[in-house]
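Me: Hi! Could you walk me through this model, a piece at a time?
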Amino acid sequence: QVQLVESGGGLVQAGGSLRLSCAASGRTFSSYPMAWFRQAPGKEREFVASFTWDRRSTNYADSVKGRFTLSTDNAKNTVYLQMNSLKAEDTAVYYCTTGPRGEGWSFWGQGTQVTVSA
């Protein structure tokens, strides 16, 4: 079992930055792929960015490429999402997720709200 806790959301002006954190419990977290998704009001949850299980490769949605960056601190069992040049359309609840390789996104955090004012 893995528990995920997101933090770092808030209100920021367009063009600003935020860094989201996803702290995980469970020793196996470091060997699972992980990802960030987001859900805006009235919209479906969408993929934002992901790490492979070994944290060596990343993948980003086209809408955030060049602006968002994943990083990890394995000693703290924490993954970060640095968000720069934020836009109003980035406003959403951001969720981190993980799960055993090949089994999909089994574990989800509670989400953290990001609001970007135009």
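Me: Where is Gln13 found?
Reply: Gln13 is found in strand 2, residues 10–13. Strands here are DSSP runs of E with at least two residues, and helices are runs of H or I with at least four, numbered from the N terminus.

Me: Is Gln13 buried or exposed?
Reply: Gln13 counts as exposed because its relative accessibility is 60%. The cut-offs are under 20% relative accessible area for buried, over 50% for exposed and partly exposed in between, with a 1.4 Å probe and protein chains only.

Me: And what does Gln13 touch?
Reply: Not counting residues up to four places away in sequence, Gln13 touches Val116 and Ser117; contact means heavy atoms within 4.5 Å. Gln13 and Val116 are 103 residues apart in sequence, yet their C-alpha atoms are 5.4 Å apart in space.

Me: Good to know. What should I keep in mind about the source?
Reply: This is a predicted model, where local features need pLDDT of at least 70 and side-chain atom pairs count only at pLDDT 80 or more, while totals for chains, interfaces and linings use all residues. Residues are numbered from 1 along each chain as its sequence is written, and side-chain values use heavy atoms, leaving out hydrogens and water.

Me: New topic: where is Arg55 found?
Reply: Arg55 is in the loop between strand 5 and strand 6. These two strands form a hairpin with six residues between them, and Arg55 in the turn has a positive phi of about 65°.

Me: How do strand 5 and strand 6 pair?
Reply: They pair in the antiparallel sense over three bridges; for two strands to pair, DSSP must find at least two bridges between them. Ser50 stands opposite Asn59 in strand 6.

Me: What lies 2.5 Å from a polar atom of the Arg55 side chain?
Reply: The backbone oxygen of Tyr32 does. Leaving aside neighbours within four places in sequence, Arg55 is also in contact with residues including Phe29, Met34, Thr72 and Val79.

Me: Last one: which residue stands opposite Phe37?
Reply: Phe47 in strand 5. Strand 4 (residues 34–39) and strand 5 (residues 46–51) run antiparallel, joined by five bridges.

Conventions
A polar contact is a pair of N or O atoms within 3.5 Å; within protein, one must be able to donate a hydrogen and the other to accept it, and residues adjacent in sequence count only if both atoms are side-chain atoms.
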